[in-house]
Amino acid sequence: MSAGWVAAVVRARALAARCPGRAGAREIAASTTLDDALHHLAGTPYGRYARATATLPGAQRSVTATLLWHLRVLAGWLPRGGARLLRPLASGFEIADVASRLPVRGGPGTDPEAAAWQPYRLGALETAWRSLERAATPAELRAALAASPWGDPGAETPWALITGMRMAAARRTAAAVPSTRRWAQGRAALLTARERFVHRRPLPAPVRRDAAAELIAAEAETTRQRVRALRRHWTLRLRRELAAVELALEEAEHEEAVRRRWAASPRRRPRE
């Protein structure tokens, strides 16, 4: 491992050590008021942005903005080309920026919150935001996605665009960081179930391919785990049982041979 990667690992561990962790997150979630929650956040790395807000959306934005900032700092410590490993992990921020530009479901116009939305500053972690930002219509947005690593979402409706990006993010994350494959598989299953059983909508063809790839990979991994379990447990157990059966057969054959020799030999007469 090069010195650059060692420095990045040290930096990543330092960033992780400063986070509130599971216990801290539960404590913040258990706050009775927003002021109490913001007070808890102020004593964490998220306080950099949380101190300037007094609303729940603002607090949520402060948490996500801090996470993105930490990812960008870590990307800066990585050796040349290392940022590509973090880019899929930051894909959710680019999806949020795209979602803020789409019409409100059920009516024309834009979401009031989206109108005041400030895009996340992705820096080296952006996938194709500069191209997506120039898209003025859903059709142009789909074309920009199709020409980028995101891939064609398969349709121009807002739900298809966002679902396509989310499924692509799961696929790209699993490809870039193999240890996240189980998460990606769960993500693909949840996205598929939501669209098919909650919204009663068929998945566009490209999204179906991504979902199938992840779910098939999940089944393949499950099968490999079962085969490994068979090899570790059952194969060893069967070998032991087979060895015991072979030993019992050898002993039985030996006893049978001895009986035959005794039966074939002349019996000695007792001395008078």
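Among contacts in the protein between residues at least 6 apart in sequence, what percentage join residues at least 24 apart? The value is 55%. The model behind this number is predicted.

**Overall make-up**

The protein has 13 helices and zero strands. Read along the sequence, the pattern is α-α-α-α-α-α-α-α-α-α-α-α-α. The protein has 272 residues, and 32% of them are buried. The exposed surface comes to about 18,100 Å². Carbon and sulfur atoms supply 57% of that area.

**Two helix pairs**

Helix α11 spans residues 158-176, and helix α12 spans residues 181-198. Helix α7 covers residues 91-99. Two packed helices are described by the angle between their axes and the distance between the axes. The table gives both values for each pair.

| Helix pair | Angle between axes | Distance between axes |
|---|---|---|
| α11 and α12 | about 160° | 8 Å |
| α7 and α11 | about 170° | 10 Å |

An angle over 145 degrees counts as roughly antiparallel. Helices α11 and α12 are therefore roughly antiparallel to each other.

**α11 against α12**

The crossing of α11 past α12 is left-handed. From α11, the contact is made by Trp159, Thr163, Arg166, Met167, Ala170, Thr173 and Ala174. From α12 come Arg181, Trp183, Ala184, Arg187, Ala188, Leu191, Thr192, Arg194 and Glu195. By class, this contact has eight nonpolar, three polar and five charged residues.

**α7 against α11**

On the α7 side, the residues are Ser91, Glu94, Ile95, Val98 and Ala99. They meet Ile162, Met165, Arg166, Ala169 and Arg172 in α11. By class, the contact of α7 with α11 has six nonpolar, one polar and three charged residues.

**Arg166**

Which residues does Arg166 contact, leaving aside its neighbours within four places in sequence? They are Ile95, Arg187, Leu191 and Arg194. Ile95 is one of the α7 residues that meet α11. Arg187, Leu191 and Arg194 belong to the α12 side of the α11 contact. Arg166 itself is found in helix α11. Arg166 is listed in the contact with α12 and also in the contact with α7.

Is Arg166 buried or partly exposed? Buried means under 20% relative accessible area. Arg166 has a relative accessible area of 26%, so Arg166 is partly exposed.

Arg166 and Arg187 are 21 residues apart in sequence. In space, their C-alpha atoms are 8.5 Å apart.

Terms used:
Residues numbered from 1 in each chain as written. Predicted model: local features only at pLDDT ≥ 70, side-chain atom pairs only at ≥ 80, totals over all residues. Heavy atoms only, no water. Axes fitted to C-alpha atoms, helices over the stretch in contact; angles between N-to-C directions. Helix = DSSP H or I, 4+ residues; strand = E, 2+ residues; numbered from the N terminus. Parallel < 35°, antiparallel > 145°, perpendicular 65-115°, else oblique. Left-handed = near helix turned anticlockwise from the far one by under 90°. Contact = heavy atoms within 4.5 Å. Nonpolar A, V, L, I, M, F, W, Y, C, P; charged D, E, K, R; others polar. Buried < 20%, exposed > 50% of the residue type's maximum accessible area, 1.4 Å probe, protein only. Areas by Shrake-Rupley, 256 points an atom, 1.4 Å probe, with all protein chains shown as cover.
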